[in-house]
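Reader: I have a protein model to study and I am new to this. Could you take me through it feature by feature?

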Amino acid sequence: MINFELEAQNEFETLVRDRRDFHRHPELGFNEHRTSKIIAQRLNALGMEVQTGIGVTGVVGLLEGDRPGPTVLLRFDMDALPIAEDTGLPFSSLTEGVMHACGHDGHMSMGLGLARIMARHREKIQGTLKFVFQPAEEGLGGAFAMIADGVLENPKPDVAFAMHLWNKVPLGKAWVTNGPAMSASSRFELMITGRGGHGASPHETVDPILAAAHVVTALQSIVSRNIDPQESAVISVGQIQGGTTYNVIPEEVLIKGSVRSFSNKLHRQLYRRILETASSVAAGFGCTVALETVVIVAAVVNDEEVAGHVRQSAEQVLGCENVLDRKEMASEDMGYMLEEIPGCYFFVGSADEDVSNSYPHHHPRFDIDERSMMNGVAIMGNAVANYVMPVVDKEAELV
Ligand SMILES: [Zn+2]
Ligand SMILES: [Zn+2]
(Lines give C-alpha, C1' and ligand atoms only; values in the text may rest on other atoms or scores of the structure.)
(Ligands and ions follow the chains in the order given, each with its own letter.)
Protein backbone atom coordinates (compact mmCIF):
# COMPACT_ATOMS: atom_id res chain seq x y z
CA MET A 1 0.00 0.00 0.00
CA ILE A 2 1.37 3.40 -0.93
CA ASN A 3 1.57 6.09 1.73
CA PHE A 4 0.53 9.00 -0.47
CA GLU A 5 0.92 11.56 2.30
CA LEU A 6 4.57 10.62 2.77
CA GLU A 7 5.16 10.40 -0.98
CA ALA A 8 3.61 13.86 -1.44
CA GLN A 9 5.83 15.30 1.30
CA ASN A 10 8.88 13.83 -0.40
CA GLU A 11 7.79 15.48 -3.64
CA PHE A 12 7.29 18.90 -2.07
CA GLU A 13 10.47 20.56 -3.36
CA THR A 14 9.76 19.43 -6.91
CA LEU A 15 6.12 20.45 -6.64
CA VAL A 16 7.21 23.97 -5.69
CA ARG A 17 9.94 24.15 -8.34
CA ASP A 18 7.56 23.04 -11.11
CA ARG A 19 4.74 25.31 -9.96
CA ARG A 20 7.03 28.35 -9.90
CA ASP A 21 8.40 27.55 -13.34
CA PHE A 22 4.88 27.29 -14.78
CA HIS A 23 4.01 30.47 -12.91
CA ARG A 24 6.89 32.36 -14.48
CA HIS A 25 5.81 31.26 -17.96
CA PRO A 26 2.00 31.51 -18.13
CA GLU A 27 0.24 30.83 -21.43
CA LEU A 28 -3.34 31.60 -22.44
CA GLY A 29 -5.92 28.99 -23.42
CA PHE A 30 -5.05 26.95 -26.54
CA ASN A 31 -1.61 28.61 -26.55
CA GLU A 32 0.00 26.43 -23.87
CA HIS A 33 2.87 25.47 -26.19
CA ARG A 34 5.85 25.67 -23.83
CA THR A 35 3.73 24.26 -21.01
CA SER A 36 2.48 21.23 -22.90
CA LYS A 37 5.96 20.52 -24.31
CA ILE A 38 7.41 20.34 -20.80
CA ILE A 39 4.55 18.14 -19.60
CA ALA A 40 4.91 15.78 -22.57
CA GLN A 41 8.67 15.48 -21.98
CA ARG A 42 8.18 14.74 -18.30
CA LEU A 43 5.51 12.09 -18.90
CA ASN A 44 7.67 10.53 -21.60
CA ALA A 45 10.60 10.33 -19.21
CA LEU A 46 8.38 8.36 -16.82
CA GLY A 47 7.87 5.73 -19.51
CA MET A 48 4.32 6.73 -20.37
CA GLU A 49 2.74 6.52 -23.77
CA VAL A 50 2.20 10.22 -24.54
CA GLN A 51 -0.15 11.88 -27.02
CA THR A 52 0.10 15.59 -27.78
CA GLY A 53 -2.15 17.98 -29.70
CA ILE A 54 -5.34 16.51 -28.19
CA GLY A 55 -7.69 19.52 -28.17
CA VAL A 56 -5.05 21.77 -29.79
CA THR A 57 -2.48 21.87 -26.95
CA GLY A 58 -3.73 19.11 -24.64
CA VAL A 59 -1.46 16.28 -23.50
CA VAL A 60 -2.46 12.75 -22.51
CA GLY A 61 -0.10 10.32 -20.77
CA LEU A 62 -1.05 6.65 -20.30
CA LEU A 63 0.50 4.75 -17.42
CA GLU A 64 -0.22 1.05 -17.81
CA GLY A 65 -0.06 -0.98 -14.62
CA ASP A 66 1.56 -4.41 -14.61
CA ARG A 67 -1.85 -6.05 -14.44
CA PRO A 68 -5.13 -5.26 -16.21
CA GLY A 69 -7.94 -3.35 -14.51
CA PRO A 70 -10.03 -0.21 -14.79
CA THR A 71 -8.96 2.98 -16.53
CA VAL A 72 -8.84 6.07 -14.33
CA LEU A 73 -8.74 9.57 -15.80
CA LEU A 74 -6.94 12.28 -13.83
CA ARG A 75 -7.46 15.75 -15.22
CA PHE A 76 -5.38 18.89 -14.66
CA ASP A 77 -5.91 22.23 -16.43
CA MET A 78 -3.04 24.25 -17.89
CA ASP A 79 -4.17 27.73 -18.97
CA ALA A 80 -3.40 31.14 -17.49
CA LEU A 81 -5.46 34.35 -17.66
CA PRO A 82 -5.14 37.72 -19.41
CA ILE A 83 -4.31 39.49 -16.13
CA ALA A 84 -1.26 41.65 -15.34
CA GLU A 85 0.37 40.12 -12.27
CA ASP A 86 0.81 42.34 -9.24
CA THR A 87 2.02 39.90 -6.58
CA GLY A 88 5.63 41.09 -6.42
CA LEU A 89 6.65 37.45 -6.02
CA PRO A 90 10.22 36.58 -7.06
CA PHE A 91 8.78 34.06 -9.52
CA SER A 92 6.24 36.46 -11.04
CA SER A 93 5.07 36.12 -14.64
CA LEU A 94 7.65 37.02 -17.26
CA THR A 95 4.91 37.50 -19.85
CA GLU A 96 3.32 40.90 -19.69
CA GLY A 97 -0.45 40.86 -19.19
CA VAL A 98 -0.65 37.09 -18.63
CA MET A 99 -0.77 35.41 -15.25
CA HIS A 100 -1.51 32.10 -13.56
CA ALA A 101 -4.17 33.73 -11.39
CA CYS A 102 -6.37 30.66 -10.90
CA GLY A 103 -3.90 28.11 -9.56
CA HIS A 104 -3.62 25.98 -12.70
CA ASP A 105 0.20 26.21 -12.32
CA GLY A 106 -0.28 24.28 -9.07
CA HIS A 107 -2.67 21.83 -10.74
CA MET A 108 -0.11 20.89 -13.39
CA SER A 109 2.59 20.57 -10.78
CA MET A 110 0.36 18.22 -8.73
CA GLY A 111 -0.42 16.21 -11.88
CA LEU A 112 3.26 15.70 -12.59
CA GLY A 113 3.92 14.86 -8.93
CA LEU A 114 1.20 12.24 -8.92
CA ALA A 115 2.51 10.88 -12.23
CA ARG A 116 5.99 10.42 -10.71
CA ILE A 117 4.60 8.68 -7.63
CA MET A 118 2.38 6.35 -9.65
CA ALA A 119 5.18 5.56 -12.13
CA ARG A 120 7.45 4.57 -9.22
CA HIS A 121 4.79 2.11 -8.06
CA ARG A 122 3.78 0.79 -11.44
CA GLU A 123 4.03 -2.83 -10.26
CA LYS A 124 1.20 -2.21 -7.78
CA ILE A 125 -1.19 -0.81 -10.40
CA GLN A 126 -3.98 -3.01 -11.76
CA GLY A 127 -5.33 -0.99 -14.62
CA THR A 128 -4.42 2.16 -16.52
CA LEU A 129 -4.00 5.73 -15.40
CA LYS A 130 -4.82 8.35 -17.97
CA PHE A 131 -3.15 11.64 -17.06
CA VAL A 132 -5.00 14.40 -18.92
CA PHE A 133 -3.51 17.90 -19.10
CA GLN A 134 -6.26 20.10 -20.49
CA PRO A 135 -5.90 23.45 -22.24
CA ALA A 136 -8.25 26.41 -22.15
CA GLU A 137 -10.39 25.77 -19.08
CA GLU A 138 -11.13 29.48 -18.59
CA GLY A 139 -14.33 29.66 -20.61
CA LEU A 140 -12.73 28.66 -23.90
CA GLY A 141 -14.00 25.08 -24.15
CA GLY A 142 -10.77 23.12 -23.68
CA ALA A 143 -12.53 20.05 -22.25
CA PHE A 144 -14.91 20.06 -25.19
CA ALA A 145 -11.98 20.22 -27.63
CA MET A 146 -10.25 17.28 -25.93
CA ILE A 147 -13.45 15.21 -25.95
CA ALA A 148 -13.89 15.98 -29.65
CA ASP A 149 -10.34 14.68 -30.17
CA GLY A 150 -11.20 11.43 -28.40
CA VAL A 151 -9.81 11.84 -24.89
CA LEU A 152 -12.68 9.76 -23.52
CA GLU A 153 -11.94 6.83 -25.86
CA ASN A 154 -9.11 4.29 -26.33
CA PRO A 155 -9.15 3.44 -23.55
CA LYS A 156 -12.49 4.71 -22.27
CA PRO A 157 -12.10 5.78 -18.64
CA ASP A 158 -14.25 4.02 -16.03
CA VAL A 159 -13.89 6.84 -13.55
CA ALA A 160 -12.56 10.43 -13.57
CA PHE A 161 -10.99 12.77 -11.01
CA ALA A 162 -10.21 16.48 -10.99
CA MET A 163 -9.53 19.05 -8.31
CA HIS A 164 -9.05 22.77 -7.84
CA LEU A 165 -6.82 24.54 -5.35
CA TRP A 166 -9.35 26.89 -3.76
CA ASN A 167 -8.69 30.19 -2.01
CA LYS A 168 -12.10 30.31 -0.35
CA VAL A 169 -10.87 27.40 1.77
CA PRO A 170 -7.95 27.61 4.21
CA LEU A 171 -4.96 25.30 3.96
CA GLY A 172 -5.70 21.96 5.59
CA LYS A 173 -9.36 21.88 4.64
CA ALA A 174 -11.21 20.54 1.60
CA TRP A 175 -14.68 20.57 0.06
CA VAL A 176 -16.10 17.33 -1.27
CA THR A 177 -19.73 16.91 -2.25
CA ASN A 178 -22.11 14.39 -3.83
CA GLY A 179 -24.13 15.43 -6.85
CA PRO A 180 -23.71 18.95 -8.22
CA ALA A 181 -20.34 20.46 -7.24
CA MET A 182 -20.21 23.41 -9.63
CA SER A 183 -22.88 25.20 -11.57
CA ALA A 184 -23.88 25.10 -15.19
CA SER A 185 -22.97 28.42 -16.76
CA SER A 186 -23.92 30.32 -19.84
CA ARG A 187 -23.75 33.79 -21.26
CA PHE A 188 -26.59 35.54 -22.98
CA GLU A 189 -27.08 38.57 -25.16
CA LEU A 190 -30.45 40.28 -25.34
CA MET A 191 -30.83 42.79 -28.14
CA ILE A 192 -33.73 45.19 -27.55
CA THR A 193 -34.81 47.05 -30.64
CA GLY A 194 -37.02 50.15 -30.78
CA ARG A 195 -37.04 53.15 -33.09
CA GLY A 196 -34.48 55.89 -32.61
CA GLY A 197 -35.00 59.62 -32.84
CA HIS A 198 -34.55 63.03 -31.23
CA GLY A 199 -34.42 63.10 -27.44
CA ALA A 200 -36.68 66.16 -27.50
CA SER A 201 -39.46 64.27 -29.33
CA PRO A 202 -39.67 60.95 -27.47
CA HIS A 203 -43.28 60.46 -28.59
CA GLU A 204 -42.00 59.94 -32.12
CA THR A 205 -39.62 57.19 -31.04
CA VAL A 206 -39.79 53.75 -29.44
CA ASP A 207 -37.22 54.04 -26.67
CA PRO A 208 -35.18 50.84 -26.16
CA ILE A 209 -33.29 52.35 -23.20
CA LEU A 210 -36.46 52.66 -21.14
CA ALA A 211 -37.49 49.13 -22.15
CA ALA A 212 -34.02 47.80 -21.26
CA ALA A 213 -34.17 49.36 -17.81
CA HIS A 214 -37.46 47.58 -17.12
CA VAL A 215 -36.16 44.32 -18.60
CA VAL A 216 -33.11 44.34 -16.28
CA THR A 217 -35.36 44.85 -13.28
CA ALA A 218 -37.85 42.21 -14.40
CA LEU A 219 -35.10 39.62 -14.98
CA GLN A 220 -34.37 39.78 -11.25
CA SER A 221 -37.86 38.46 -10.55
CA ILE A 222 -37.11 35.12 -12.25
CA VAL A 223 -34.93 33.63 -9.52
CA SER A 224 -37.13 35.02 -6.73
CA ARG A 225 -40.55 34.20 -8.28
CA ASN A 226 -40.11 31.29 -10.71
CA ILE A 227 -37.47 29.07 -9.11
CA ASP A 228 -38.06 26.64 -6.24
CA PRO A 229 -36.48 28.21 -3.14
CA GLN A 230 -34.77 24.84 -2.42
CA GLU A 231 -32.78 25.22 -5.63
CA SER A 232 -30.17 27.84 -6.43
CA ALA A 233 -29.73 29.97 -9.51
CA VAL A 234 -28.13 33.25 -10.49
CA ILE A 235 -29.00 35.68 -13.27
CA SER A 236 -26.56 38.58 -13.44
CA VAL A 237 -26.59 41.40 -15.95
CA GLY A 238 -23.00 42.54 -16.44
CA GLN A 239 -23.15 44.86 -19.39
CA ILE A 240 -25.59 47.28 -21.00
CA GLN A 241 -24.68 49.02 -24.19
CA GLY A 242 -26.91 51.58 -25.87
CA GLY A 243 -26.88 55.13 -27.15
CA THR A 244 -24.12 57.48 -28.20
CA THR A 245 -25.00 60.84 -26.68
CA TYR A 246 -27.39 62.67 -24.33
CA ASN A 247 -30.07 63.84 -26.75
CA VAL A 248 -30.46 60.91 -29.14
CA ILE A 249 -32.74 57.98 -28.46
CA PRO A 250 -30.95 54.98 -29.94
CA GLU A 251 -32.37 52.26 -32.10
CA GLU A 252 -31.00 49.38 -30.03
CA VAL A 253 -29.75 48.41 -26.60
CA LEU A 254 -27.65 45.32 -25.93
CA ILE A 255 -27.83 43.59 -22.54
CA LYS A 256 -25.24 40.93 -21.67
CA GLY A 257 -25.47 38.63 -18.70
CA SER A 258 -24.56 35.37 -17.07
CA VAL A 259 -26.73 32.50 -15.86
CA ARG A 260 -25.69 29.87 -13.30
CA SER A 261 -27.50 26.90 -11.81
CA PHE A 262 -26.66 23.43 -10.54
CA SER A 263 -28.80 21.53 -13.02
CA ASN A 264 -28.99 21.62 -16.76
CA LYS A 265 -32.77 21.20 -16.58
CA LEU A 266 -33.11 24.27 -14.36
CA HIS A 267 -30.87 26.11 -16.78
CA ARG A 268 -33.26 25.52 -19.64
CA GLN A 269 -36.14 26.69 -17.44
CA LEU A 270 -34.24 29.91 -16.61
CA TYR A 271 -33.73 30.64 -20.29
CA ARG A 272 -37.35 30.05 -21.13
CA ARG A 273 -38.28 32.61 -18.47
CA ILE A 274 -35.60 35.10 -19.60
CA LEU A 275 -37.02 35.05 -23.10
CA GLU A 276 -40.67 35.22 -21.93
CA THR A 277 -40.00 38.01 -19.43
CA ALA A 278 -37.79 40.11 -21.68
CA SER A 279 -40.03 39.88 -24.74
CA SER A 280 -43.26 40.63 -22.90
CA VAL A 281 -41.79 43.53 -20.90
CA ALA A 282 -40.15 44.98 -24.02
CA ALA A 283 -43.37 44.51 -25.99
CA GLY A 284 -45.15 46.63 -23.39
CA PHE A 285 -42.89 49.49 -24.51
CA GLY A 286 -43.27 48.67 -28.21
CA CYS A 287 -39.82 47.07 -28.52
CA THR A 288 -38.78 43.67 -29.82
CA VAL A 289 -36.22 41.32 -28.33
CA ALA A 290 -33.70 38.86 -29.75
CA LEU A 291 -32.03 36.43 -27.35
CA GLU A 292 -28.75 34.70 -28.08
CA THR A 293 -27.02 32.22 -25.80
CA VAL A 294 -23.32 32.36 -26.37
CA VAL A 295 -21.68 29.56 -24.38
CA ILE A 296 -23.02 26.84 -22.13
CA VAL A 297 -20.92 24.86 -19.69
CA ALA A 298 -22.61 21.85 -18.14
CA ALA A 299 -22.91 21.58 -14.37
CA VAL A 300 -20.16 19.57 -12.65
CA VAL A 301 -22.03 16.64 -11.12
CA ASN A 302 -20.19 14.19 -8.89
CA ASP A 303 -20.91 10.48 -8.71
CA GLU A 304 -21.93 9.34 -5.23
CA GLU A 305 -19.57 6.37 -5.02
CA VAL A 306 -16.53 8.19 -6.40
CA ALA A 307 -17.20 11.21 -4.19
CA GLY A 308 -17.41 8.82 -1.24
CA HIS A 309 -13.88 7.58 -1.94
CA VAL A 310 -12.58 11.15 -2.26
CA ARG A 311 -14.26 12.16 0.98
CA GLN A 312 -12.76 9.17 2.80
CA SER A 313 -9.35 9.99 1.39
CA ALA A 314 -9.61 13.66 2.32
CA GLU A 315 -10.68 12.71 5.84
CA GLN A 316 -7.68 10.43 6.13
CA VAL A 317 -5.29 13.16 4.96
CA LEU A 318 -6.83 16.21 6.65
CA GLY A 319 -8.99 14.84 9.48
CA CYS A 320 -12.79 14.40 9.43
CA GLU A 321 -13.54 17.86 10.82
CA ASN A 322 -11.65 19.50 7.96
CA VAL A 323 -13.64 18.01 5.10
CA LEU A 324 -16.76 20.02 4.35
CA ASP A 325 -19.70 19.25 2.10
CA ARG A 326 -19.86 22.40 -0.02
CA LYS A 327 -20.54 23.25 -3.64
CA GLU A 328 -19.56 26.33 -5.62
CA MET A 329 -21.65 28.66 -7.81
CA ALA A 330 -18.80 28.90 -10.30
CA SER A 331 -18.30 26.84 -13.42
CA GLU A 332 -15.84 24.40 -14.90
CA ASP A 333 -15.78 22.58 -18.19
CA MET A 334 -14.92 19.33 -16.34
CA GLY A 335 -18.72 19.08 -16.31
CA TYR A 336 -18.55 17.87 -19.92
CA MET A 337 -16.29 14.96 -18.95
CA LEU A 338 -18.41 14.07 -15.91
CA GLU A 339 -21.51 13.93 -18.11
CA GLU A 340 -19.83 10.95 -19.82
CA ILE A 341 -17.79 9.35 -17.04
CA PRO A 342 -18.70 8.95 -13.33
CA GLY A 343 -16.25 10.91 -11.25
CA CYS A 344 -15.53 13.50 -8.63
CA TYR A 345 -14.38 17.12 -8.72
CA PHE A 346 -13.23 18.50 -5.39
CA PHE A 347 -11.69 21.60 -3.82
CA VAL A 348 -8.43 21.69 -1.89
CA GLY A 349 -7.91 24.61 0.50
CA SER A 350 -5.01 26.81 -0.57
CA ALA A 351 -5.71 30.03 1.36
CA ASP A 352 -4.28 31.44 4.55
CA GLU A 353 -5.83 30.26 7.82
CA ASP A 354 -7.64 33.61 7.82
CA VAL A 355 -9.13 33.41 4.34
CA SER A 356 -9.51 37.20 4.13
CA ASN A 357 -5.69 37.46 4.02
CA SER A 358 -5.66 35.63 0.68
CA TYR A 359 -6.63 37.15 -2.64
CA PRO A 360 -9.40 35.48 -4.65
CA HIS A 361 -8.98 33.59 -7.91
CA HIS A 362 -8.53 35.82 -10.99
CA HIS A 363 -7.11 38.67 -8.84
CA PRO A 364 -3.78 40.25 -9.94
CA ARG A 365 -2.40 39.41 -6.47
CA PHE A 366 -3.69 35.85 -6.34
CA ASP A 367 -1.29 33.37 -4.78
CA ILE A 368 -1.62 29.98 -3.08
CA ASP A 369 -0.10 28.41 -0.01
CA GLU A 370 2.12 25.94 -1.84
CA ARG A 371 1.75 23.33 0.90
CA SER A 372 -1.78 22.80 -0.41
CA MET A 373 -0.23 20.90 -3.33
CA MET A 374 0.88 18.10 -0.97
CA ASN A 375 -2.71 17.76 0.25
CA GLY A 376 -4.07 17.64 -3.30
CA VAL A 377 -1.59 14.96 -4.37
CA ALA A 378 -2.27 12.81 -1.29
CA ILE A 379 -6.07 13.10 -1.50
CA MET A 380 -6.24 12.29 -5.20
CA GLY A 381 -3.62 9.54 -4.85
CA ASN A 382 -5.55 7.69 -2.15
CA ALA A 383 -8.83 8.09 -4.01
CA VAL A 384 -7.37 6.74 -7.26
CA ALA A 385 -5.79 3.81 -5.37
CA ASN A 386 -9.29 2.57 -4.52
CA TYR A 387 -9.75 1.76 -8.20
CA VAL A 388 -6.35 0.52 -9.36
CA MET A 389 -4.79 -0.85 -6.17
CA PRO A 390 -7.45 -3.21 -4.80
CA VAL A 391 -7.65 -3.86 -1.08
CA VAL A 392 -6.78 -7.57 -1.41
CA ASP A 393 -3.31 -6.57 -2.56
CA LYS A 394 -2.93 -4.05 0.21
CA GLU A 395 -3.66 -6.81 2.74
CA ALA A 396 -1.32 -9.24 1.05
CA GLU A 397 1.46 -6.72 1.28
CA LEU A 398 0.90 -6.10 4.95
CA VAL A 399 1.42 -9.80 5.76
ZN1 LIG B 1 -10.26 30.41 -13.19
ZN1 LIG C 1 -9.39 27.53 -12.39
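**Helices that cross**

Author: G106, S109, M110, G113, L114 and I117 in α4 meet M373, G376, V377, M380 and G381 in α10. By class, that contact of α4 with α10 holds six nonpolar, five polar and no charged residues. Keep one caution in mind: this is a predicted model.

Reader: At roughly what angle do the axes of α4 and α10 cross?

Author: At roughly 50°. Helix α4 covers residues 104-120, helix α10 covers residues 372-388, and their axes come within 9 Å. That angle makes α4 oblique to α10. The crossing of the two is right-handed.

Reader: Which residues of α2 meet α4?

Author: T14, L15, D18, R19, F22 and H23 do. On the α4 side they meet D105, G106, M108, S109, M110, L112 and G113. Sort the contact of α2 with α4 by class and you get five nonpolar, five polar and three charged residues. The axes of α2 (residues 12-24) and α4 come within 8 Å and cross at roughly 140°. Angles over 145 degrees would count as roughly antiparallel. The helices α2 and α4 are therefore oblique to each other. Their crossing is right-handed.

Reader: How far apart are the axes of α8 and α10?

Author: They lie 8 Å apart, and the packing angle is about 135°. So α8 and α10 are also described as oblique to each other. This crossing is right-handed. From α8 come H309, V310, S313, A314, Q316, V317 and L318. They meet N375, A378, I379, N382, A383 and N386 in α10. By class, the contact of α8 with α10 has seven nonpolar, six polar and no charged residues.

**The sheet**

Reader: Now the strands. How should I read a sheet?

Author: Start with the pairing. Strands of a sheet pair through backbone hydrogen bonds, either parallel or antiparallel. Here eight strands form an open sheet with mixed pairing. Trace their order as β1-β2-β4-β3-β5-β16-β6-β15.

Reader: Which strands stand at the edges?

Author: β1 (49-54) and β15 (323-324). Each has a single partner strand, so one side of each is left without a neighbour in the sheet.

Reader: How many bridges join β1 to β2?

Author: Five, and the two strands run antiparallel. Strand β2 covers residues 58-64. For one bridge, find I54: its partner in β2 is G58. The hairpin of β1 and β2 has three residues between the strands. In that hairpin, G55 takes a positive phi near 70°.

Reader: In what sense do β6 and β16 pair?

Author: Antiparallel, over two bridges. Strand β6 is residues 174-175 and strand β16 is residues 343-351. Look for A174, whose bridge partner in β16 is V348. Helix α8 (residues 304-318) packs on the sheet, touching β5 (159-170), β6, β15 and β16. The direction of α8 makes about 25° with that of β16.

**Backbone exceptions**

Reader: Which residues does a cis peptide bond join?

Author: N154 and P155, with omega about -5°. You will find P155 in the loop between α5 (142-148) and β5.

**The domains**

Reader: Last topic. Where do domain 1 and domain 2 fall in the chain?

Author: The domain assignment gives domain 1 as 4-182 + 299-398, and domain 2 as 184-297. The C-alpha centres of domain 1 and domain 2 lie 38 Å apart.

Reader: How many residues does the contact take from each domain?

Author: Eight from domain 1 and ten from domain 2. By class, the side of domain 1 that touches domain 2 has three nonpolar, three polar and two charged residues.

Terms used:
Residues numbered from 1 in each chain as written. Chains lettered and ligands numbered in written order. Predicted model: local features only at pLDDT ≥ 70, side-chain atom pairs only at ≥ 80, totals over all residues. Axes fitted to C-alpha atoms, helices over the stretch in contact; angles between N-to-C directions. Helix = DSSP H or I, 4+ residues; strand = E, 2+ residues; numbered from the N terminus. Parallel < 35°, antiparallel > 145°, perpendicular 65-115°, else oblique. Left-handed = near helix turned anticlockwise from the far one by under 90°. Contact = placed C-beta atoms within 7 Å. Nonpolar A, V, L, I, M, F, W, Y, C, P; charged D, E, K, R; others polar. Domains from an automatic or database assignment. Pairing = 2+ DSSP bridges.
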